[in-house]
Amino acid sequence: MHRRNFSKLVAGLGLAMSLTSAPAFAEDNVRIALVVKALGIGFFEAAAKGAEEAAAELGNVEIIYTGPTDTTAEGQIEVINSLIAQGVDAIAISANDPDALVPALKKAMSRGITVVSWDSGVSPEGRQMHLNPSSTELIGNTIIKLAADHMPDGGDIAILSASATATNQNAWIEAAKEVLPNYPGVNLVSTVYGDDLSDKSYREAQGLMSTYPDLKAIIAPTTVGILASCQAVTDAGKIGEINVTGLGLPSEMAGCVESGATKSFAIWNPIDLGYAATMLAYNIHEGATADAGSSVPMGRMGEATLDDTGSAAMSDPFTYDSSNVDDFKSIF
Ligand code: RAM
């Protein structure tokens, strides 16, 4: 069985078990659904740990960790409709599409359900606020710099993204393209999409290597894509020729750093992100104002100050390489 399918099964079983064997919660518990792009993705499992931490701190919160099996808007719409039918109190969603989810989320809000997006945003009319992990411009520059810093003579790079409609990756890629002229000699030859599926991402990485034999770096701004690209480059015997970089989890990427397939990569703390998203959903449900200019508390992560699109940013990404990856690989 493929690793991803196995982890989907485990996630599915975990969900089924939590639905059947969950202790009876008090009627007045606040039920917050953490809706992810798809089940079986380590990044979201780490975020769920943060959501559970927030729930334990708040005391009267139940987390429903859920999502479709593939990174599609259709799958998330089904999940949202079922959460509306269950009458949850809040939905905190990482969206597979900024617009396609809006009607379902508007319906949720019209029923009194608090809706926030986090990680990958929903258009403003479909949510009360959005929490970005970090500044989009900073992430865009970071992913290009991670590649360019190891290319003193310049050369060809390619981007292997998640799904073509993912709000977060599309915004980061846009921001990366904006700063590309600041890296003379670095040439972006292609952007391809692995849909946050390991096997599709692996094949897309293979495709990039055969189409662009002079490729010097693959930038994957997705934890699924970066690991699959590392595996594809390793299997092709191209360690040292092609540097795989982008956004990854230390727990998944430590072996790639050790082998040299990845010189460095970046990420923010996904546990903190899930924690912060849960705190925001809870506080808005409890009456906190989420208008442009207002600040919504997010527990130990401080306050989210909303810009004029109702968005806020959590913290800066952190870079991992052989000097520090081992210190973090057991955390997320
Ligand atoms: C994947 C998902 C997620 C993104 C990370 C970096 O886990 O696409 O949305 O934030 O990568």
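Contact here means heavy atoms within 4.5 Å. Keep that handy for these exercises. You're working with a predicted model, where local features need pLDDT of at least 70 and side-chain atom pairs count only at pLDDT 80 or more, while totals for chains, interfaces and linings use all residues. Residues are numbered from 1 along each chain as its sequence is written, and side-chain values use heavy atoms, with hydrogens and water left out.

**Exercise 1. Find which residues asparagine 243 touches, leaving out those up to four places away in sequence.**

Step 1: Asparagine 243 sits in strand E9, residues 243-246. (Strands, E, at least two residues, and helices, H or I, at least four, are DSSP runs numbered from the N terminus.)

Step 2: Check how covered asparagine 243 is. Its relative accessible area is 6%, so it's buried. (Buried means under 20% relative accessible area, exposed over 50%, and partly exposed in between, using a 1.4 Å probe and protein chains only.)

Step 3: List the partners. Asparagine 243 touches Leu146, His150, Lys216, Ala217, Ile218, Ala261, Thr262 and Lys263.

Step 4: Pick one partner and look at the spacing. Asparagine 243 and alanine 261 are 18 residues apart in sequence, and their C-alpha atoms are 5.8 Å apart in space.

**Exercise 2. Work out whether isoleucine 80 is buried or exposed, and what it is in contact with.**

Step 1: Go to helix H3, residues 73-86, where you'll find isoleucine 80.

Step 2: Read off the accessibility. Isoleucine 80 has a relative accessible area of 0%, so it's buried.

Step 3: Skip the neighbours within four places in sequence. That leaves Ile91, Ile93, Leu101, Ala104 and Leu105 in contact with isoleucine 80.

Step 4: From isoleucine 80 to glycine 185 you go 105 residues along the sequence and 46 Å through space, C-alpha to C-alpha.

**Exercise 3. Find the disulfide and describe its link.**

Step 1: A disulfide is a covalent bond between the sulfur atoms of two cysteines.

Step 2: Apply the cut-off. A pair of cysteine sulfur atoms within 2.5 Å counts as a disulfide, and that rule gives a count of one.

Step 3: Name the pair. Cysteine 230 and cysteine 256 form the disulfide, with their sulfur atoms 2.2 Å apart. The two cysteines are 26 residues apart, so to speak bridging distant parts of the chain: cysteine 230 is in helix H8 and cysteine 256 in helix H9.

Step 4: Get the handedness and the burial. The angle about the S-S bond is -100 degrees, and the link is left-handed. Both cysteine 230 and cysteine 256 are buried.

**Exercise 4. Describe how H8 packs with H9.**

Step 1: Know what to look for. Two packed helices are described by the angle between their axes and the distance between the axes. (Axes are lines fitted to C-alpha atoms, for helices over the stretch in contact, and angles run from 0 to 180 degrees between N-to-C directions.)

Step 2: Read the values. H8 and H9 pack at about 25 degrees, with their axes 10 Å apart. That makes H8 roughly parallel to H9. (Angles under 35 degrees count as roughly parallel, over 145 as roughly antiparallel, 65 to 115 as roughly perpendicular and the rest as oblique.)

Step 3: Note the crossing of H8 and H9, which is left-handed. (Left-handed means the near helix is turned anticlockwise from the far one by less than a right angle; right-handed means clockwise.)

Step 4: Find who meets whom. Thr223, Ile226, Leu227 and Cys230 of H8 meet Glu252, Met253 and Cys256 of H9. By class, this contact has five nonpolar, one polar and one charged residues. (Ala, Val, Leu, Ile, Met, Phe, Trp, Tyr, Cys and Pro count as nonpolar, Asp, Glu, Lys and Arg as charged, and the others, Gly among them, as polar.)

**Exercise 5. Do the packing of H7 and H8.**

Step 1: Helix H7 (residues 198-211) and H8 pack at an angle of about 50 degrees, with axes 8 Å apart. That makes H7 oblique to H8.

Step 2: The crossing of H7 and H8 is right-handed.

Step 3: The contact includes Ser198 and Tyr202 of H7, and Val224 and Asp235 of H8. Its classes are seven nonpolar, six polar and one charged.
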